[in-house]
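Colleague: I have not looked at this structure before, and I would like to go through it with you step by step. Could you show it to me first?

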Amino acid sequence: MCTGEQLLFQEWVFARNHLRMQGNQLYESRAFPEALEKYQAALSIVDLVQGTNPGDQGEIDKNRAATLMNVAATHMGMQAFGEAIRNLNEANRIVPNHPKLLMRRARAFTQRGAFDERDPR
């Protein structure tokens, strides 16, 4: 039997995943502003949820980082490289040295023309 907290967590996961899937579809069709809205809505859900145990909190943190990476990708699609880098730096504080994150951040720095900026970690 599920507790109220477990149901709330499951509802959060469903809502967040639904918004991210919508954002992914919009991103793939290059509708970057609309994708950004979906990813930001998913991020706002993540920001509202607190884990009731270390395992749940770890999952929330992982989802927050993944959503920040999606937000950064849309910013890159819109040529807003500074915003992308800011989101990726925030994600890097949650999941340090994630390979996909580091590659995306390097691409953002390169496209921005910021070849000599120091890693702000």
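This is a predicted model: local features need pLDDT of at least 70, side-chain atom pairs count only at pLDDT 80 or more; totals for chains, interfaces and linings use all residues.

Colleague: How much of the protein counts as buried?

Modeller: The protein exposes about 7,400 Å², and carbon and sulfur atoms supply 54% of that area. Among contacts with a separation of 6 or more, residues 24 or more positions apart account for 56%. Of the 121 residues of the protein, the share that counts as buried is 38%.

Colleague: Which residues are linked in a network of salt bridges?

Modeller: The structure holds four salt bridges, one of them between Asp47 and Arg64, whose closest N and O atoms are 2.4 Å apart. Arg64 also forms a salt bridge with Glu90, where the closest N and O atoms are 2.2 Å apart. The residues linked in this network are Asp47, Arg64 and Glu90.

Colleague: Is Arg64 buried or exposed?

Modeller: Arg64 has a relative accessibility of 18%, and since buried means under 20% relative accessible area, Arg64 counts as buried.

Colleague: How far apart in sequence are the parts that Arg64 and Glu90 tie together?

Modeller: Arg64 and Glu90 form a salt bridge, and both residues are buried. Arg64 lies in helix H3 and Glu90 in helix H4, which covers residues 81-94, so the pair ties together parts whose distance in sequence is 26 residues.

Colleague: Which helix holds both Glu83 and Arg86?

Modeller: Glu83 forms a salt bridge with Arg86, with the closest N and O atoms 3.0 Å apart. Glu83 counts as partly exposed at 34% relative accessibility, and Arg86 is partly exposed as well, with a relative accessible area of 43%. The two residues are three apart, about one turn of the helix, and the helix that holds both is H4.

Colleague: What is the distance between the C-alpha atoms of Leu68 and Leu101?

Modeller: Leu68 is found in helix H3 and is buried, with a relative accessible area of 1%. Leaving aside its neighbours within four places in sequence, Leu68 is in contact with Leu43, Asn87, Glu90, Ala91 and Ile94. Leu68 and Leu101 are 33 residues apart along the chain, and their C-alpha atoms are separated by 9.7 Å.

Colleague: Arg104 is buried yet has no salt bridge, so which side chain of opposite charge is nearest to Arg104?

Modeller: Arg104 is found in helix H5, which spans residues 99-112. Apart from neighbours within four places in sequence, its contacts are with Met69, Asn70, Ala73, Met76 and Leu88, and a polar atom of the Arg104 side chain lies 2.8 Å from the backbone oxygen of Met69. The nearest side chain of opposite charge is 11 Å away, and that residue is Glu28.

Terms used: Residues are numbered from 1 along each chain as its sequence is written. Side-chain values use heavy atoms; hydrogens and water are left out. Helices (H or I, at least four residues) and strands (E, at least two) are DSSP runs, numbered from the N terminus. Buried means under 20% relative accessible area, exposed over 50%, partly exposed in between (1.4 Å probe, protein chains only). Lys and Arg count as positive and Asp and Glu as negative; His and the chain ends are not counted. A polar contact is a pair of N or O atoms within 3.5 Å; within protein, one must be able to donate a hydrogen and the other to accept it, and residues adjacent in sequence count only if both atoms are side-chain atoms. Contact means heavy atoms within 4.5 Å. Accessible areas come from the Shrake-Rupley method with a 1.4 Å probe; for residues, only the protein chains shown count as cover.
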